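Hi,

Here is the structure I promised to pass on.

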Amino acid sequence: MEHRKKSVALAALVMAIGTLISATTAPSMRFVLNTGMPPLQLAFLRAAFAAAGSLVITLGTPALRGELRALPRKSFALLVLAGAMFGGHYAMWVPALSYTTTFAAGMLASVQPLFVFVGAWLLLHERTPLKCLIGAGMALLGVVLIGVGEMGGSAPNALLGNMLAIGTAVFGAGYTISARKARAHVSLMPFLAVLFTTASVVLFALTAATTGFAPLPGGSAGGLLFWLGLACTLGTHGGWNYALRYIETSTVAIVGLFEPVGASLLSWALFGEALGWPQLLSAALIVGGIAVYLYFAAAPRAVPAASAVLSD
């Protein structure tokens, strides 16, 4: 019992640190984008650094390397599909920050759980309690308020950015659904190695075919690339999935909703992005609505821990 309590306490600490680190993701990406780096190149580099880290650990550990080799073809194919969806998730998410505010992008992307449950209902025939519609309605109202509130604001192209942010949620949901069964046959690090490597290939192709590659920035912006890939991507994925071993899925998912809130506060402090009552009201509706949705959807069954949390 005492060991269990210590494990839960450690998992809670890891989850809290992961949430704080994840909150720095969007502001860090905005800082790098301000150097002139194409958004898709930044998305590729973030996935590539995470892929390199997870591959080093997986291939350097005999047990994990053997586990990867023994992975069934169907599971491997599902992992590749999940990686392609994850690449699409990043291909939408990073460019969104170039067109709309960090607040709008983060909040709109956070509605991913709604698309997960809709997709699970349509594709996997999972039934969702009707009470979840209360939370879904609250979140959708918050989305509408963001769309209206951003009109005529300071964002370069709020409509396009907001649509990309919603696309981020759609691709993130696709990643989660396609990864569920595959994740049951492989441990975390080989799973992440295939996921990030596939996403890197997809994003490299997209970057090469569209914007091309700019010279890498130096100084603090260059250091932030490592931070985004190793801490904000590989570190938070590993940390949150570790927390899921000891803490309920719904709890971890709800705590993860504070990521866009923290990112918005940092962007307000660092970049002077507007954060008034309209934004706060829409944030309360989205975060509160998704929390209500997750609460009712989690009982008596929960989303499998293996793929319940996706860090932006």
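Among contacts in the protein between residues at least 6 apart in sequence, what share joins residues at least 24 apart? The share is 90%, where contact means heavy atoms within 4.5 Å.

Some ground rules before the rest. This is a predicted model, in which local features need pLDDT of at least 70 and side-chain atom pairs count only at pLDDT 80 or more, while totals for chains, interfaces and linings use all residues. Residues are numbered from 1 along each chain as its sequence is written, and side-chain values use heavy atoms, with hydrogens and water left out.

Now the overall picture. You'll find 14 helices and 0 strands in the protein; both are DSSP runs numbered from the N terminus (helices are H or I, at least four residues; strands are E, at least two). Of the 312 residues, 53% are buried, meaning under 20% relative accessible area with a 1.4 Å probe, protein chains only. The protein exposes about 13,900 Å², and carbon and sulfur atoms supply 73% of that (Shrake-Rupley method, 1.4 Å probe).

Two helix pairs are worth a look. Helix 3 (residues 39-59) packs against helix 10 (residues 188-209) at an angle of about 150°, with the axes 8 Å apart. Axes here are lines fitted to C-alpha atoms over the stretch in contact, and angles run from 0 to 180 degrees between N-to-C directions. Helix 3 and helix 10 are therefore roughly antiparallel, the word for angles over 145 degrees. Residues that meet here include F44, A47 and L55 in helix 3, and F196, L203 and F204 in helix 10. The residues of this contact divide into 18 nonpolar, 6 polar and no charged. For that count, Ala, Val, Leu, Ile, Met, Phe, Trp, Tyr, Cys and Pro are nonpolar, Asp, Glu, Lys and Arg are charged, and the others, Gly among them, are polar.

The other pair is helix 6 (residues 102-109) with helix 13 (residues 258-271), packed at about 175° with axes 9 Å apart. Helix 6 and helix 13 are therefore roughly antiparallel to each other. T102, F103, G106 and M107 of helix 6 make the contact with P260, V261, A263, S264 and S267 of helix 13.

Is T19 buried or exposed? T19 counts as buried because its relative accessibility is 9%. Leaving out residues up to four places away in sequence, T19 touches W240, V255, F258 and E259.

Cheers

Methods. Parallel < 35°, antiparallel > 145°, perpendicular 65-115°, else oblique. Buried < 20%, exposed > 50% of the residue type's maximum accessible area, 1.4 Å probe, protein only.
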